[in-house]
Every structure is written in structure tokens, then in C-alpha cells.
Amino acid sequence: MLVNENNSNNTIIIGAGPAGLAVAARLKKANITFIMLEQSNNVGNSWHNHYDRLHLHTVQKYSTLPFVDFPKDYPFYVPRQKLVEYMENYAKQFNIQAKFNQEVISVKKENGKWITKTQTGEIFSSYNVVVATGINRKPFFPSWEGIENFKGKIVHSKYYKNGKDYKGKKVLVIGMGNTGAELAIDLYEHGAIPFISVRENVNLIPRDFIGLPCQTSAFMLSKFPNWMGDFIGLRVRNISFGDLSPYGLKLRQKAPLAQVREEGKVPVIDIGTVDLIKKGQVKVLPGIKKFSQDSILFFNNEEIKLDAVLVCTGYKSNITDFIEDAESIIDADGNPKEICSSNKHKGLYFLGFDPRVNGVLWSIKKDSEIIVDEILKKQ
């Protein structure tokens, strides 16, 4: 296999989002050469395209990339556009120059080195590959009976910007994760009539409790034995929200921290959705049974006419799409089991796939140091 000499390097970084930038900055500090490949034409591309009202749910102090704090005038919960500006300035400060419009289609090991191919036909050779494409790589869009018959607008949350076009319309949000919960608020604030379909029991935590951010609380609770942290977490949740079953919303019995610890799934961080539900301004509905031309039948046999549907069912990392023989290193959800792979996958690293309650940006900052330390051991 012919590899351009300029494309042979110590490390390949796939992705120029916050995870890719974090490990790139650490490699720069360590004088380790790398090539960064990014499928879009800018850094932090996903954050350029997220919905308008998005803010970090984690506090400013614990949401920075390595070596650089946020500017002093940034708000406590950083908005999407400010984070984009921060990442662009971060890349400039460390002179991180990605190869843009280079979608990786294949990563495999040959003769002790990693061979990375892109859709343009370029081939790269390296001793290490850091996969920083994240858990939100591909939108997940389930199928429902009769969906092809529905005449209204159906949009995945990836493509939603704001609720301006939905004013006065009945809109169903499918899924009550963090995105679905926040888009229900955005729809209401733009004059839409929002409904939210919740198929399973959910776990909720308030973003702030008695003036304390949930991220700070999580750091504090992590210092206790698991049983004690779980007990306190459930008490806080129950005090914050009370019994939501009269509103059609059932809470999980599992503590929020236990859910993260055992399932790798972050609970819904509430910033006002529950209040709207209690006031009747967002109606909770069960799972979907069937679509019709202008209505949807739910599992409680209630049928409602709707104008539009927002699919907030999340994403898949789909790393098996481009990493050869990756089945042994992924978990049941298709995400990497470890940050640093071993055995035949040694030299393959994953950053930004760990959805801890402490925050993905905090995890990226910590885990990028682990990855670069491992790369340095091989020098």
C-alpha cells in the first residue's frame, strides 16, 4: 500500500471537535507530531450546528479544554456560540491546523502501524490513532408503523435550530432526553403547542439545587460510598420534583448517579421542562403506536392531530463503520469500552465517548492527559 511520505506521522487524530482539540494541544505541548483529520470544514463543527438556545449544563469552571480558561466575561453556563468562539481561538492559540473535508472511511492495522484512509483517497500511516468523533456521530432515527403516511413535518433534533417556524402548531417531541426536554421549552417559548412522547420511566436531576449546580453536587457525592451518594441523589430528586405520575411522567427507581455509573447514561438535567409539564403547557404522552396522515395514536389509545414531529432519540457513535474489526472493543451500545485499547488494537485511543455526570468536557480534559501519557510512554 502506497502512503505519501508527508502522510506518515506519529499520531492521527480523527475529529476537530473539543476532544480532538484537547488531545492536539497536549501533543503540541509534548512536541509529539500529529495529523488531524476533520470531515467538515471547521473546528467544533457540531457546535456550529446545534440548536440556537443550547447552553452547557456544566459550569464554566469545569468545562474548559486543557491549559486555557474561558474569558472572564463568559457566563456561568456557556452558550453554544461562545463555546464555538472559544474552540476557534483555542485552535489558533496552539496552531492546530486540521486537514478539513477529510472523512475517514477506514482505520486498520497493517504490519504494526495504523493505516487510515479518507473519502478523498488519501492514505495515512501512524503508530497511534486517537478517535475523537464522539457519541453523537450519527443521528438515530427509529421506525414507527405508518410513519410514511404522515403528512406533517418530521425533523431529527440534529437539524432543529429554533421554534420560529412552529408558532401556533401542535408539535410532538419524541424522547425525553436532555435535548427533547429542552426543545419542548424552546417550542413553547416560540408559541408552539408542544407534546412530548415518553416511552419509558425517566431519571431527572435539577440543574441547580438550593443554588448549587448539579455538576458540583456530583463531585461532592462521588466522595461518598456509592450507597450514600445514591441515597442523597434520590432525596434531592424527590424534593425537587415530587410525584410526577399525575402528569404522565414516571421516574426511575434507580438513583441518577447509579444510572451513570452502571449504564453510562446521563439523566435529564432539568432547566424548566418539569415546571411547564406541571402547568399543563407541555403535555406528556406515552410511546407511539401508529402514525396516520395527520395524527398519531399512542399506547394509551389516545389519538392526537399534530402538525409536526421532532425526533429526539439521540445518536450512535457507529465506530464500526470505519474501524476494522472493532466488535471486540465496543459495548452493547456500540461505544468503546476503554480509552486506551490493548492487545491487537494497541495504539488506538478513544476520547469524548464517556458521558459522565461530571460533564463530557471535564472528562475530555482528564482523559486526554491519560491518552497523551500513554503515547509518551512509547517514545
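## A helix across the sheet

Helices (H or I, at least four residues) and strands (E, at least two) are DSSP runs, numbered from the N terminus.

A quick word on the model: it is predicted, so local features need pLDDT of at least 70 and side-chain atom pairs count only at pLDDT 80 or more, while totals for chains, interfaces and linings use all residues. Residues are numbered from 1 along each chain as its sequence is written, and side-chain values use heavy atoms, with hydrogens and water left out.

Zooming in, β8 (residues 170–174) and β9 (residues 193–197) pair in the parallel sense over 5 bridges. Lys 170 has Ile 193 as its bridge partner in β9.

## Two nonpolar cores

The largest nonpolar core has 69 residues, and Leu 204 and Leu 310 touch the most other members. Such a core is a set of buried Ala, Val, Leu, Ile, Met, Phe, Trp, Tyr and Cys residues joined through side-chain atoms within 4.5 Å. Buried means under 20% relative accessible area, exposed over 50%, partly exposed in between (1.4 Å probe, protein chains only). Helix α1 gives the largest share of this core, 7 residues. Apart from it lies another core of 19 residues, including Leu 37 and Ile 329.

Which residues does Leu 310 touch, not counting residues up to four places away in sequence? Among them are Val 155, Tyr 160, Val 173 and Leu 187, where contact means heavy atoms within 4.5 Å.

## Phe 350

Look for Phe 350 in strand β20 (residues 348–350). Phe 350 is buried, with a relative accessible area of 4%. Leaving aside neighbours within four places in sequence, its contacts include Val 131, Ile 319, Pro 336 and Ile 371. Phe 350 and Asn 335 are 15 residues apart in sequence and 9.4 Å apart in space, C-alpha to C-alpha.

Methods: Pairing = 2+ DSSP bridges.
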